[in-house]
Amino acid sequence: MEPNYDIEMFYDGTCPLCLRETRLLQRLDRRGRLRFTNIAAADFQAADVGKSLNQLMATIHGRLPDGSWVVGVEVFRQMYSAVGMGPLVWVTRLPIIKQVLNMGYTVFAKNRLALTGRCDDKCSINTNQASN
């Protein structure tokens, strides 16, 4: 049976910026090519997808229908391509723009808890287990 989606995005449903992006993509997904999984949902089990919650929280992850993973800005490229915004995505692959976006996302991902006002006694995501 052939999958009915192009990419599944694993997002933090407690992150206001992540939710805003997810809702935008859901509105743009008129052909139903995207799948969304909230890693903050009470019933989500990271082990079921072969990742740790720390890995998924450290950077955005996407899973393709063949089971392979993409991370970081590439997830957004895949998502926006799936909803028909390929020409915009193409621009983000240009060398300098790609580097700036990758660096910017890395800074955002490391600091998103503070940027979204969700710091408690520790305000960093444990990235020691954040490898693919």
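Me: In which strand is Glu8 found?
Reply: This is a predicted model, with residues numbered from 1 along each chain as its sequence is written. Local features need pLDDT of at least 70 and side-chain atom pairs pLDDT 80 or more, while totals for chains, interfaces and linings use all residues, and side-chain values use heavy atoms, without hydrogens and water. Helices (H or I, at least four residues) and strands (E, at least two) are DSSP runs, numbered from the N terminus. On that numbering, Glu8 is found in strand 1.

Me: Is Glu8 buried or exposed?
Reply: Buried means under 20% relative accessible area, exposed over 50%, and partly exposed in between (1.4 Å probe, protein chains only). Glu8 has a relative accessible area of 5%, so Glu8 is buried.

Me: Which side chains make polar contacts with the side chain of Glu8?
Reply: A polar contact is a pair of N or O atoms within 3.5 Å; within protein, one must be able to donate a hydrogen and the other to accept it, and residues adjacent in sequence count only if both atoms are side-chain atoms. Another, of 2.8 Å, goes to the side chain of Arg63.

Me: What distance separates the end C-alpha atoms of helix 1?
Reply: The expected span of a helix is 1.5 Å times one less than its number of residues. Helix 1 (residues 16-28) has 13 residues, so it should span 18 Å. The model agrees, with its end C-alpha atoms apart by 19 Å.

Me: Within what arc do the buried residues of helix 1 fall?
Reply: The buried residues of helix 1 are Cys18, Leu19, Thr22 and Leu25. The arc is taken from the directions from the helix axis to the C-beta atoms. Seen down the axis, these residues line one face of helix 1, because they fall within an arc of 130°.

Me: Which exposed residues does helix 1 carry on the face turned away from its buried side?
Reply: The buried residues of helix 1 are covered by elements including strand 1 (7-11), strand 2 (34-38), helix 3 (73-82) and helix 5 (95-115). The face turned away from that buried side carries the exposed residues Arg20 and Arg27.

Me: How many residues of helix 3 are buried?
Reply: The buried residues of helix 3 include Val73, Phe76 and Tyr80. Helix 3 is largely enclosed by the rest of the structure, because the buried count among its 10 residues is eight.

Me: How many disulfides does a search of the whole structure find?
Reply: Cys15 is buried at 0% relative accessibility, and Cys18 is buried with a relative accessible area of 17%. A disulfide is a pair of cysteine sulfur atoms within 2.5 Å. Across the whole structure, the number found is zero.

Notes: Contact = heavy atoms within 4.5 Å.
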